[in-house]
Amino acid sequence: MHRALQKLPAGPADPDFMIGPETFDDAGVVRISDDLALIQTVDFFTPIVDDPRDYGQIAAANALSDVYAMGGTPRTALNLVCWPPSGLDPGILGEILAGGTDKIHEAGCRVVGGHSIQDEELKFGYAVTGTAHPDRIVSNAAAGPGDAVLLTKPLGTGILATALKAGAVTAEEIAPAVASMKRLSASAMEVALEHGVKAATDVTGFGLAGHAVQLADASGVTLALEAAALPRFEGAEALALEGHVPGGGGSNRDHFGPRVAFAGEPGEGTVRLAFDPQTSGGLLLCLPADRAEDALDALIDRGWTRTARIGVVEPRGEAAVRLG
């Protein structure tokens, strides 16, 4: 989508248009007044779990995450529904909508409408509008050499969802990943803002490696990531080595792989995790090095116990990301 957007005309010049597709950020931002900026994003996808209410909650958390990644507060949401014309119990849609609405309300946000179409493949998500002070917007274009890199959620949701569809794991076995996907990133960004976060993005469909490449390109730096430090869901690496890799993982590796240098031997399982497309993944945060440990402690105190310090920002080298 970003590559297609880059080919479109930029549109009329507007000093209040703060952030668009040029920096691969999670949402667009426009200044409304000296103390108010509007944040807009949209996201929807096919089911990745069997329980419809969980699916609705995950879809909502995933869409809301884009606003949190920009340092904003979600305000309104619009349902987006693609529904098969036959073959599914309409009650399933009710459960999906109920789950999503519960999560939207948890965010202090309101569902104000939406749109549905007929589609042979079920899809669900939200368009979300948020607000922030223009001076508090967090983009992915301000990381600097020496910054510490933190990740707030483990990796492997795409692999686990693929394994679930294949019957290689049970719903009970991936319950920790489902709980993680349903968790809102609001408190994680609150901690990051309190500790001087300089750049951030949420890790979703492009995987850790892809989103790290985009942040590195936008900031003009290289992200040096430690393979051993990457948090991962139990069993995800082994399942990846067994071949339970979603199609998006291969696409991410094909597209972003040439931009990633591998130092040492990180291991094929770790590499597959790095390119695994995430749903409602964690926040990738770049903070001043002298505040990173305090931020990490604060995140753990707020319940983000799987947060890890995974690397450092370096001056721009030949590769956008180095993993080793």
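This report walks through the sheets, the helix packing and a salt bridge in a predicted model.

## Ground rules

Residue numbers start from 1 along each chain as its sequence is written, and side-chain values use heavy atoms, with hydrogens and water left out. Because the model is predicted, local features need pLDDT of at least 70 and side-chain atom pairs count only at pLDDT 80 or more, while totals for chains, interfaces and linings use all residues.

Helices (H or I, at least four residues) and strands (E, at least two) are DSSP runs, numbered from the N terminus. Axes are lines fitted to C-alpha atoms, for helices over the stretch in contact, and angles run from 0 to 180 degrees between N-to-C directions.

## The six-stranded sheet

Let's start with the open sheet of six strands, which has mixed pairing and the order β1-β2-β3-β6-β4-β5. (Two strands pair if DSSP finds at least two bridges between them.) At its edges stand β1 (17–19) and β5 (110–118), each with a single partner strand, so one side of each has no neighbour in the sheet. From one strand to the next, the twist averages 25 degrees.

Inside this sheet, β4 (residues 73–83) and β6 (residues 123–132) run antiparallel and are joined by nine bridges. One of the pairs to look for is Cys82 with its bridge partner Lys123 in β6. Helix α2 packs on the sheet and touches β3 (36–45), β4 and β6, with its direction at about 30 degrees to that of β6. Contact here means heavy atoms within 4.5 Å. Helix α3 lies across β4, β5 and β6, and runs at about 170 degrees to β4.

## α2 against α3

These two helices also meet each other. The axes of α2 (residues 52–69) and α3 (residues 90–106) come within 7 Å and cross at roughly 40 degrees, so the pair counts as oblique. (Under 35 degrees is roughly parallel, over 145 roughly antiparallel, 65 to 115 roughly perpendicular, and the rest oblique.) The crossing of α2 past α3 is right-handed, meaning that the near helix is turned clockwise from the far one by less than a right angle.

On the α2 side, the residues in contact are Pro52, Arg53, Tyr55, Gly56, Gln57, Ala60, Ala61 and Leu64. They meet Ile92, Glu95, Ile96, Ala98, Gly99, Gly100, Asp102, Lys103 and Ile104 in α3. By class, that contact has nine nonpolar, four polar and four charged residues. (Ala, Val, Leu, Ile, Met, Phe, Trp, Tyr, Cys and Pro count as nonpolar, Asp, Glu, Lys and Arg as charged, and the others, Gly among them, as polar.)

## The seven-stranded sheet

There is also an open sheet of seven strands, again with mixed pairing, in the order β8-β11-β7-β12-β9-β13-β10. Its edge strands, β8 and β10 (260–262), each pair on one side only. Neighbouring strands are turned by 25 degrees against each other on average, direction ignored.

By contrast, β10 and β13 (residues 321–323) run parallel, joined by three bridges, with Val260 partnered by Val321 in β13.

As for helices, α7 (residues 207–219) packs on this sheet and touches β7, β8, β9, β10, β11, β12 and β13, its direction making about 150 degrees with that of β9. α2 turns up here as well, lying across β8 and β11 (283–287) at about 175 degrees to β8.

α6 and α11 (residues 289–301) pack at about 155 degrees with their axes 9 Å apart, which makes them roughly antiparallel. Ala188, Val191 and Glu194 in α6 meet Arg291, Ala295, Ala298 and Leu299 in α11. That contact divides into five nonpolar, no polar and two charged residues.

α9 (residues 247–256) and α10 (residues 268–275) pack at about 90 degrees, axes 8 Å apart, and are therefore roughly perpendicular. Gly248, Gly249, Asn252, Arg253 and Phe256 in α9 meet Glu268, Val271, Arg272 and Phe275 in α10.

## A salt bridge between loops

The whole structure holds 16 salt bridges, each a side-chain nitrogen of Lys or Arg within 4 Å of a carboxyl oxygen of Asp or Glu. One of them joins Lys198 to Asp147, with the closest N and O atoms 3.2 Å apart. Lys198 lies in the loop between α6 (186–194) and β8 (199–202) and Asp147 in the loop between β6 and β7 (148–151), so the pair ties together parts 51 residues apart in sequence.
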